[in-house]
Amino acid sequence: MACALDSYIAAVYEHSVILSEDTKIPVSPEDALMLMNKNMDVLEGAIKAAALQGAHIIVTPEDGIYGWVFTRETIYPYLEDIPDPQVNWIPCTDPDRFAPAPVQERLSCMARSNAIYVVANIGDKKPCNSSDPKCPSDGHYQYNTDVVFDSEGKLVARYHKYNLFVTETQFDYPKEPEFVTFNTTFGKFGIFTCADILFHDPAVVLVSKLQVDTVLFPTAWMNTLPLLSASQFHSAWAMGMGVNFLSANTRNSSLDTTGSGIYAPNGPRAFHYNTETENGHLLVAELSSHPRLSPTYPIAVNWSSYATSIKRFSPDDRNFSGVIYFDKFTFTELTKPEGNRTVCQKDLCCHLSYRMVEKQEDEVYVLGAFDGLHVVEGEYYLQICTLLKCKSTDLKTCGQPVATAHTSFDTFSLSGTFGTSYIFPEVLLTGVQLAPGEFQVLSDGRLINQNGTSKPVLSVTLFGRWYEKDPPHPQQAFP
């Protein structure tokens with residue numbers, strides 16, 4: 001039996017995917033495999049490089065092998081029948097045991113020949129018949145699927161994405177959410193995909209109930225500033241949930257996808273955000289195998305303790321409305337270089353104490369609150385407190401995407417009267433950069449900085465997900 005490790009080397013690869021010229025026209029299985037092999041050639045290079053740096057596991061992106069914008073018919077030649085991992089199968093050494101599976105065979109061989117766990121996103125197909133009332137008319141289910149091969153090339157995990165993005169009409173929902181975990185000598189792992197992170201199942205269950213140490217996260221994440229850029233939200237989620245998080249994104253400028261990282265509960269270990277070039281990028285960093293046992297593991301937080309214990313800082317006579325990613329926030333402007341502000345919406349009051357180094361005349365900052373149901377590209381309840389820079393001095397631009405700032409803060413303290421305990425703390429600096437080690441969360445729910453930031457501030461946010469109030473999953477809502 002291999003001995004347990006206290007730490008391990010993690011790798012993620014941000015991949016600039018080679019895309020099919022026209023995904024609306026069906027291709028032969030041979031042509032589909034030819035395209036997938038081009039992408040796997042690139043991934044194989046990254047896997048070898050990660051293994052040479054001692055990595056135990058590498059995560060590659062969602063859609064990283066076949067691409068995107070398919071129809072149900074045109075994705076089909078790219079799919080393979082992926083068996084349940086309980087069959088105890090190494091495709092590399094036994095490729096003919098099941099239906100033809102050249103992609104699984106090649107991924108298995110990459111893992112085996114480099115002695116590294118390989119995480120990849122491919123498509124699964126499963127036959128069904130008329131005795132199943134939900135069986136699609138073409139006689140099979142199609143799933144957006146993550147697979148994990150261990151360092152011997154054995155298939156150890158298969159996960160079907162449960163929270164499909166609105167554009168993923170080529171795929172089916174699994175009938176129930178899958179809670180996929182596997183154990184290694186360097187910790188317990190869970191896996192889910194992209195939009196799954198925004199919902200309770202399976203994401204919260206894996207961490208809170210099944211107590212995984214590390215989450216594996218293939219994604220094709222389109223950045224939506226100011227609150228949902230990839231590295232910003234994924235780092236915050238790792239901190240809020242108290243778990244290691246390995247996020248591998250695609251790189252595509254037309255979709256504004258970039259932002260990959262290796263995140264620990266107390267901050268990012270490595271991250272990459274690049275809008276300048278189309279290159280792929282490998283990240284490698286060390287993580288604690290069991291972060292909950294680490295002396296640096298974050299303290300328990302009562303997220304509403306401080307905010308509910310104080311009175312409002314300021315009247316709401318100067319409040320105004322603005323929109324962040326389709327959500328109607330209530331804002332109040334920070335008119336002075338320092339002060340205390342409160343803004344409320346419904347049951348949520350957000351309190352901010354701050355001092356700017358020097359207030360720039362051509363930059364406007366606001367404190368915003370949102371308490372309600374987000375209804376675009378999925379439905380879920382949010383409670384958000386955010387300090388953010390407006391796009392211009394016109395207050396109508398507050399909440400619009402902005403990537404640069406010139407105003408630095410000496411101190412800030414942000415808190416809110418949250419009704420949920422699932423809060424993700426974000427601090428984003430100019431150039432869409434994270435601020436590791438430059439802020440802390442106190443046990444009474446305050447996100448604070450007392451020594452200034454290394455760069456000017458884009459946003460400081462407590463992003464709350466009120467899972468308990470969510471409407472049912474689309475799959476469960478069907479008759």
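Two helices, α4 (200-209) and α7 (474-477), each contribute at least two residues to the lining of the largest pocket. The model is predicted. In this model, the largest pocket has a volume of about 1100 Å³. Its lining comprises 46 residues, and those closest to the pocket centre are N163, L164, F165, V166 and A195. By class, the lining of the largest pocket holds 25 nonpolar, 12 polar and 9 charged residues. Domain 1 (7-293) and domain 2 (304-469) each provide at least three residues of this lining.

The second largest pocket has a volume of about 640 Å³. It is lined by 33 residues. Closest to the centre of the second largest pocket are M239, G240, P298, I299 and V301. Several secondary-structure elements take part. The helices α4 and α5 (230-241) each supply at least two lining residues, as do the strands β11 (267-272), β20 (423-429) and β22 (440-441). Helix α5 gives the most, with 6 residues. The lining of the second largest pocket divides into 19 nonpolar, 12 polar and 2 charged residues. Here too, domain 1 (7-293) and domain 2 (304-469) each contribute at least three residues.

Helix α4 supplies at least two residues to the lining of the largest pocket and at least two to that of the second largest pocket.

Definitions and conventions. Residues numbered from 1 in each chain as written. Predicted model: local features only at pLDDT ≥ 70, side-chain atom pairs only at ≥ 80, totals over all residues. Heavy atoms only, no water. 1 Å grid on protein atoms, 1.4 Å probe; cavity = no way out; pocket = protein on both sides within 12 Å on 5 of 7 lines; lining within 4 Å. Points joined across faces, edges and corners; volume = space filled by probe spheres on them. Helix = DSSP H or I, 4+ residues; strand = E, 2+ residues; numbered from the N terminus. Nonpolar A, V, L, I, M, F, W, Y, C, P; charged D, E, K, R; others polar. Domains from an automatic or database assignment.
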